[in-house]
Amino acid sequence: MEGRMQGKAPLSDSNRRIMDADAPPRRVYQAWKGSNIFFLGGRLIFGPDVRSLILTVCLIVIPVILFATVVCEQLAHEYHNQIGGWVASVAIIFTAYIIVLLLLTSGQDPGIVPRNAHPPEPEDVGESSNLSEWPGGQHGSAGLPLTKDVLVNGVLVKVKYCHTCMLYRPPRCSHCSICNNCVERFDHHCPWVGQCIGKRNYRFFFMFVSSTTALCIYVFAFCWVDLRKIMDTHGCKLGRAIMKSPISGILILYTFIAVWFVGGLTSFHLYLICTNQTTYENFRYRYDRKTNPHNRGLVQNFIEILCSRIPGSKNNFRAKVKEDSAAFTSSLSMGRALSPPKMSVDLEMGMKRQTVAMEELEDLHSQIGSAMGLERCGTEPPHIVGRKGCSEIATDIEAFAEEFGMEQRFTEWKKIEHHTSDNP
């Protein structure tokens with residue numbers, strides 16, 4: 001049995017693809033070309049640096065646990081009432097709310113623009129819009145201009161062509177080099193949440209940062225209350241009070257440092273919301289020096305960013321991947337001759353493999369026959385310019401016929417073709 005297995009020839013790519021046709025179809029998240037990490041069967045999408053989320057959770061939860069178990073217990077003992085329990089309950093509930101906001105920010109589609117399978121046709125780019133080129137006459141793939149001008153609220157805005165996603169990015173869209181996706185209304189990639197911040201999760205990100213700021217102030221204030229009560233009760237100074245309640249002192253220092261970070265971030269994003277900017281736009285374009293086409297006024301900016309309906313995701317990560325069922329035909333129409341393994345695809349129509357192969361071989365036979373006839377007449381049709389020569393295509397067909405076990409029929413065809421060429 002082992003010797004028989006060793007004597008078998010390895011499966012060709014085409015045979016392997018035919019066998020894979022019986023396998024369960026893959027889903028979009030399993031064939032995703034970005035750098036994202038998926039959980040729960042594609043229901044949760046994170047950035048490639050999702051591990052940093054664990055650190056962020058620990059930096060929030062651990063201080064709150066110390067505050068609820070140590071500081072609040074001392075407050076209850078010092079005030080001889082239930083104030084410690086109420087303070088601890090508010091801190092725990094508020095922390096749970098912040099963790100939910102963190103997961104909503106990190107675990108959902110931030111606004112990823114689906115990639116194109118092929119570059120857009122030059123005539124489909126948009127004849128009505130003003131196409132422009134970068135200095136030096138540079139063009140993108142397939143002869144496409146690298147930039148395109150679009151009108152946003154009466155202001156001409158230049159959008160760029162993304163070679164990775166093969167599309168012209170919508171206004172305010174940018175390609176994240178970490179997640180390897182184009183994201184609508186791209187703000188930045190936040191390593192603390194392990195995700196891009198874009199159109200669909202910016203609101204949750206701002207609520208997370210501002211709520212964390214409020215939690216820091218809350219813990220900071222009640223730690224000071226604890227120390228102040230110790231100073232009044234024992235008639236000691238601050239240093240002695242910190243010695244009696246070191247956890248309060250540590251939390252005061254920790255929250256003081258943290259509030260500068262999250263509080264500064266909250267203030268900065270409040271400014272961005274008021275002016276309807278993103279972090280990326282603020283650092284790159286500096287709208288304060290020129291007109292911001294997205295600024296609709298203070299009230300409308302707040303309504304648009306914080307109160308408007310969040311658009312649905314443009315990606316269905318759990319959808320089944322549709323295999324290309326016309327790879328062979330489309331390749332011929334584009335003037336490319338495929339190698340034999342790629343010519344034996346597409347059984348989605350229910351045809352048998354042998355029938356498909358015979359039809360493809362006959363189709364190539366007729367094309368080569370017409371091409372050879374034109375060569376004898378000294379002409380060359382424009383639509384076959386750039387394809388392989390007849391001898392190269394014949395070699396491909398011979399290999400193709402050998403793969404499907406049709407060597408005899410191909411030999412007969414070669415004899416007939418040779419006889420025809422000798423007797424024009």
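This is a predicted model: local features need pLDDT of at least 70, side-chain atom pairs count only at pLDDT 80 or more; totals for chains, interfaces and linings use all residues.

Me: Fine. How many helices and strands does the protein chain have?
Reply: Helices (H or I, at least four residues) and strands (E, at least two) are DSSP runs, numbered from the N terminus. On that basis the protein chain comes out at 13 helices and 10 strands.

Me: What share of the residues counts as buried?
Reply: Buried means under 20% relative accessible area, exposed over 50%, and partly exposed in between, with a 1.4 Å probe and protein chains only. The accessible surface of the protein chain is about 24,500 Å², and 61% of that belongs to carbon and sulfur atoms (Shrake-Rupley method, 1.4 Å probe). Of the 424 residues, the buried share is 39%.

Me: And among contacts between residues at least 6 apart in sequence, what percentage joins residues at least 24 apart?
Reply: Contact here means heavy atoms within 4.5 Å. For the protein chain, the percentage is 62%.

Me: On to packing. Is α3 roughly parallel or roughly antiparallel to α5?
Reply: Axes are lines fitted to C-alpha atoms, for helices over the stretch in contact, and angles run from 0 to 180 degrees between N-to-C directions. Helix α3 (residues 52-79) and helix α5 (residues 202-234) pack at about 30 degrees, with their axes 10 Å apart. Angles under 35 degrees count as roughly parallel, over 145 as roughly antiparallel, 65 to 115 as roughly perpendicular and the rest as oblique. So α3 and α5 are roughly parallel.

Me: How many charged residues does the contact of α3 with α5 have?
Reply: Residues of α3 including Ile 60, Val 64 and Glu 78 meet α5 residues, among them Leu 215, Asp 226 and Lys 229. Ala, Val, Leu, Ile, Met, Phe, Trp, Tyr, Cys and Pro count as nonpolar, Asp, Glu, Lys and Arg as charged, and the others, Gly among them, as polar. By class, this contact has 14 nonpolar and two polar residues, and its charged ones number three.

Me: Now α4. Is it roughly parallel or roughly antiparallel to α5?
Reply: Helix α4 (residues 83-106) and α5 pack at about 160 degrees, with axes 9 Å apart. That angle is why α4 counts, relative to α5, as roughly antiparallel.

Me: How many charged residues does the contact of α4 with α5 have?
Reply: On the α4 side, the residues include Trp 86, Phe 94 and Ile 98, and they meet α5 residues such as Phe 208, Leu 215 and Phe 222. The classes are 18 nonpolar and four polar, and the number of charged residues is no charged ones at all.

Me: How do α5 and α9 lie, roughly parallel or roughly perpendicular?
Reply: α5 and helix α9 (residues 298-307) pack at about 95 degrees, with axes 8 Å apart. Tyr 202, Arg 203 and Phe 206 in α5 meet Glu 304, Ile 305, Leu 306 and Cys 307 in α9. The angle therefore makes the pair roughly perpendicular.

Me: Is Leu 215 buried or exposed?
Reply: Leu 215 is found in helix α5. Leu 215 touches Ile 60, Val 64, Ala 91, Phe 94, Thr 95 and Ile 98, not counting residues up to four places away in sequence. With a relative accessible area of 5%, Leu 215 is buried.

Me: Which residues does Pro 120 contact, leaving aside neighbours within four places in sequence?
Reply: Pro 120 is in the loop between α4 and β3. Its C-alpha is 6.9 Å from that of Leu 167, 47 residues away in sequence. The contacts of Pro 120 are Leu 144, Tyr 161 and Met 166.

Me: What is the phi of Met 166?
Reply: Met 166 is in the loop between β5 (155-162) and β6 (167-168). Although Met 166 is not a glycine, its phi is positive, at about 55 degrees.

Me: And what is the relative accessibility of Leu 144?
Reply: Leu 144 is found in the loop between β3 (130-132) and β4 (147-152). Leu 144 counts as buried, with a relative accessibility of 0%.

Terms used. Residues are numbered from 1 along each chain as its sequence is written. Side-chain values use heavy atoms; hydrogens and water are left out.
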